[in-house]
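This short report describes one protein structure. Please look at the sequence and the structure shown here before reading on.

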Amino acid sequence: MRYAGSELELFAAATRWKSYALGGLRALARGRVLEVGAGRGANVAYLAGPAVTRWVCLEPDPALLSAIARDDPRVEPIEGTSEQLADRPSSFDTVFYIDVLEHIADDAGELER
């Protein structure tokens, strides 16, 4: 599934905006984290503090997924959607949907999963 937008690269470079917008969420990221619709993985640098043991970047677009930095051993990029992830035995302590729910047609169904 290809992402049609073109703003992700621009947002990734907006470091002051990211720091401001995500600053309050960092304290919530603990243990095993799932980020649904991780895009290029730009949020990891702002949110993955010392309380995070694993960060799964779930992204359906393989081109975006390939851009995720793999220099943090806690980061695990996975291609797919939450529907596909439901087939894998996993549990998470924290789940983030950052700038992604508006792109999902059945957002209520997404949150139920």
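## A charged patch

E83, D106, D107 and E112 form a negative surface patch. Patch residues have over 30% relative accessible area and no salt bridge, with like charges joined within 9 Å. A salt bridge is a side-chain nitrogen of Lys or Arg within 4 Å of a carboxyl oxygen of Asp or Glu. Asp and Glu count as negative, and their charges are placed at CG of Asp or CD of Glu.

D106 sits in the loop between β4 (94-97) and α6 (107-112). The relative accessibility of D106 is 47%, so D106 counts as partly exposed (buried is under 20%, exposed is over 50%, and partly exposed is in between, with a 1.4 Å probe and protein chains only).

## About the model

This is a predicted model, in which local features need pLDDT of at least 70 and side-chain atom pairs pLDDT 80 or more, while totals for chains, interfaces and linings use all residues. Residues are numbered from 1 along each chain as its sequence is written, and side-chain values use heavy atoms, without hydrogens and water.

## Overall layout

The protein has 6 helices and 4 strands, taken from DSSP runs (helices are H or I with at least four residues, strands are E with at least two). From the N terminus, their order is α-α-β-α-β-α-β-α-β-α. Of the 113 residues, 36% are buried.

## A buried leucine

L65 belongs to helix α4 (residues 62-65). L65 is buried because its relative accessible area is 8%. Beyond its neighbours within four places in sequence, L65 has contacts (heavy atoms within 4.5 Å) with residues including G39, C57 and E79. The C-alpha atoms of L65 and E79 are 6.8 Å apart, although 14 residues separate them along the chain.

How values were computed: Patches are made of residues with over 30% relative accessible area and no salt bridge: like charges are joined within 9 Å, nonpolar side chains (Val, Leu, Ile, Met, Phe, Trp, Tyr) within 5 Å. Accessible areas come from the Shrake-Rupley method with a 1.4 Å probe; for residues, only the protein chains shown count as cover.
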